[in-house]
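Visitor: I'm new to this one. Could you show me how to read it?

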Amino acid sequence: MQFIDTAYKLYIFSVQQCVKFPKRYTFYVSQEISHTASEIHRKVKCANSVFPSNVHEVQKRRDYFIEAYADAQSLISQINAATELFQISGSVLTQWMELVYSELTLIKGVMKKDKTRYKHLLKKSEETDDKTDESDINE
């Protein structure tokens with residue numbers, strides 16, 4: 001799974017860069033960046049471990065991906081702030097951002113693929129909801 005591998009690479013790269021920052025910024029910058037990168041990896045792993053057999057599980061999987069996507073967006077802002085505070089070389093920044101944007105693209109791709117992959121479960125749910133609505137009307 002490419003999205004898991006990229007999330008892991010992003011996490012490791014982020015930690016490697018954060019340990020280079022001045023120690024006095026550990027709790028303000030380094031820890032936040034490392035934690036956010038860790039959360040991205042954790043959430044895509046959680047999403048990947050959900051094998052949907054019903055609508056609730058499809059939504060749970062999607063929610064994990066949405067949270068990972070939002071964390072990746074947040075990480076961009078955190079990296080931008082670190083860039084203003086510290087002397088991060090252009091090549092390091094480019095590599096870091098490429099990992100983030102690659103992960104964003106992969107997460108979006110999986111979410112799009114899931115939409116078609118689990119369409120049958122969503123369709124079943126809609127049919128069940130329609131039947132329930134009809135029975136409510138008939139009563």
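This is a predicted model: local features need pLDDT of at least 70, side-chain atom pairs count only at pLDDT 80 or more; totals for chains, interfaces and linings use all residues.

Visitor: What should the 31 residues of helix 3 span?

Guide: The expected span of a helix is 1.5 Å times one less than its number of residues. For helix 3 (residues 55–85) that gives 45 Å, and the end C-alpha atoms are 45 Å apart, which agrees. Helices here are DSSP runs (H or I, at least four residues), numbered from the N terminus. Residues are numbered from 1 along each chain as its sequence is written, and side-chain values use heavy atoms, with hydrogens and water left out.

Visitor: Which residues of helix 3 are buried?

Guide: Buried means under 20% relative accessible area, with a 1.4 Å probe and protein chains only. Among them in helix 3 are Y64, F65 and L75.

Visitor: How do I read aromatic pairs, and how many does a search of the whole structure find?

Guide: A pair of aromatic rings is described by the distance of the centres and the angle of the planes. Rings of Phe, Tyr and Trp (its six-membered ring) pair if their centres lie within 6.5 Å; planes under 30 degrees apart count as stacked, over 60 as edge-to-face and the rest as tilted. The search finds four pairs. F13 and W96 are edge-to-face, 6.0 Å centre to centre with 70° between the planes. F13 lies in helix 1 and W96 in helix 4, so this pair ties together parts 83 residues apart in sequence.

Technical notes:
Helices (H or I, at least four residues) and strands (E, at least two) are DSSP runs, numbered from the N terminus. Buried means under 20% relative accessible area, exposed over 50%, partly exposed in between (1.4 Å probe, protein chains only).
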